[in-house]
Amino acid sequence: MAGNPFPLNKEQLLQAYRTMRTIREFEDRLHIDFSRGDIPGFVHLYAGEEAAGTGIMMHLGASDRIASTHRGHGHCIAKGVDPMAMMKEIYGRKGGSCEGKGGSMHIADLSKGMMGANGILGAGAPLVCGAALAAKYRAKKGGPSDVAISFVGDGASNQGTFLESLNLAAVWNLPAIFVVENNGYAESTSREYGTAVDSYVDRAAGFGLPGVTVDGTDFFAVYEAAGEIIKRAREGGGPSLLECKMVRFHGHFEGDAQTYRGAGEIEDNRANKDCLKKFAAAVTGAGVIGAAELTAIDHEVLGLIERAVAEAKAAPQPTLADLTTDVYVKY
Ligand SMILES: Cc1ncc(C[n+]2csc(CCOP(=O)(O)OP(=O)(O)O)c2C)c(N)n1
Ligand SMILES: [Mg+2]
């Protein structure tokens with residue numbers, strides 16, 4: 001057996017792969033089921049971006065908090081939200097993460113530190129300042145040194161809420177991290193059309209925050225950069241920004257004809273920028289994990305997603321009486 005050149009042991013590497021594969025299968029299944037008309041509402045898929053959410057969340061526990069985006073399924077799964085309950089939620093059924101009343105863009109599970117997906121761009125960042133302030137206060141009183149992480153897309157990074165949050169986090173020296181998931185598009189608009197600076201590190205510097213840019217399709221690059229900035233935040237070193245450059249495999253939303261994509265772009269993304277393929281090649285190439293072990297996980301995950309869909313389809317819809325529950329207090 002060759003030595004392990006990775007910063008994670010074998011069990012952790014398998015866990016990382018299982019998480020990324022679960023996100024991918026979950027998303028690919030939603031793609032199919034949405035096209036059949038089985039799923040109500042709007043769905044935005046995270047497929048292709050799995051390494052970012054997974055590489056970051058591997059450093060977090062349940063009491064660390066995150067705020068997600070409209071493209072939130074991957075963040076939820078990586079943060080430990082039950083995919084069975086998520087599938088029911090997306091199908092709008094009882095037993096879903098929010099009892100089927102939120103749907104894809106409102107999945108939340110506070111028991112896992114998942115404060116919510118969010119249909120409003122940039123809305124998670126101020127929430128994360130609040131969560132980070134609470135964490136800082138608790139740590140001062142002898143509690144755990146928790147962090148709070150806001151995910152934001154390249155488009156949403158231009159929202160005032162996001163920019164104000166960077167300033168507030170820096171001024172208050174909060175244990176907050178701002179992750180810009182730069183997939184090059186805001187809906188159909190290329191990043192260059194809407195953002196003047198090339199580097200989010202420069203933007204962070206303008207607010208007094210350290211920043212780092214990584215290849216978001218490389219799990220290990222994300223894992224290492226996130227580890228450093230999360231450790232710094234836990235130790236009182238304050239907020240940071242992490243830019244993950246990545247690609248999205250599907251359209252902006254399900255049903256998007258993607259006429260704005262360059263020739264061969266999607267094929268290139270899938271062939272050369274697939275974070276799962278890259279991860280698998282790295283760990284098998286180093287002789288740390290056998291291809292058969294990954295295949296076994298693939299089968300296990302497929303089974304899980306099959307069960308999730310079957311259970312979701314069999315679950316009842318919320319009733320009219322459910323409409324007025326969980327509005328304020330239960331969460
Ligand atoms: C405040 C606000 N403005 C506009 C929209 C409409 N909208 C939804 S997603 C989106 C593009 C988001 O792009 P980006 O932040 O890069 O995230 P991505 O979809 O690429 O993951 C827009 C403009 C919205 N949901 N909220
Ligand atoms: Mg984007």
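Is the crossing of α1 and α2 left-handed or right-handed? The crossing is right-handed, as the first of these close-up views of a predicted model sets out.

**View A. Packing of helices α1 and α2.** Helix α1 spans residues 10-35 and helix α2 spans residues 50-57. Their axes lie 10 Å apart and meet at an angle of about 140°. The angle is therefore classed as oblique, because only values over 145 degrees would count as roughly antiparallel. On the α1 side, the contact is made by Ala16, Thr19, Met20, Ile23 and Arg24; on the α2 side, Glu50, Ala51 and Thr54 take part. By class, the residues of this contact are four nonpolar, two polar and two charged.

**View B. The open sheet of five strands.** The strands follow the order β1-β2-β3-β7-β6, with parallel pairing. Strands β1 (65-67) and β6 (211-215) form the edges; each has a single partner strand, so one side of each lacks a neighbour in the sheet. From one strand to the next, the twist averages 20°.

**View C. Strands β3 and β7.** Strand β3 (residues 176-182) runs parallel to strand β7 (residues 240-245), and six bridges join the two. Asn182 stands opposite Lys245 of β7.

**View D. Helix α5 against the sheet.** Helix α5, formed by residues 124-140, lies across β1, β2 (148-153) and β3. The helix runs at about 170° to β2.

**View E. The surroundings of ligand 1.** Ligand 1 is surrounded by 14 residues, of which Leu121, Gly153, Gly155, Ala156 and Ala186 are the closest. The shell comprises five nonpolar, six polar and three charged residues.

Notes:
Residues numbered from 1 in each chain as written. Chains lettered and ligands numbered in written order. Predicted model: local features only at pLDDT ≥ 70, side-chain atom pairs only at ≥ 80, totals over all residues. Near = placed C-beta within 6 Å. Nonpolar A, V, L, I, M, F, W, Y, C, P; charged D, E, K, R; others polar. Axes fitted to C-alpha atoms, helices over the stretch in contact; angles between N-to-C directions. Helix = DSSP H or I, 4+ residues; strand = E, 2+ residues; numbered from the N terminus. Parallel < 35°, antiparallel > 145°, perpendicular 65-115°, else oblique. Left-handed = near helix turned anticlockwise from the far one by under 90°. Contact = placed C-beta atoms within 7 Å. Pairing = 2+ DSSP bridges.
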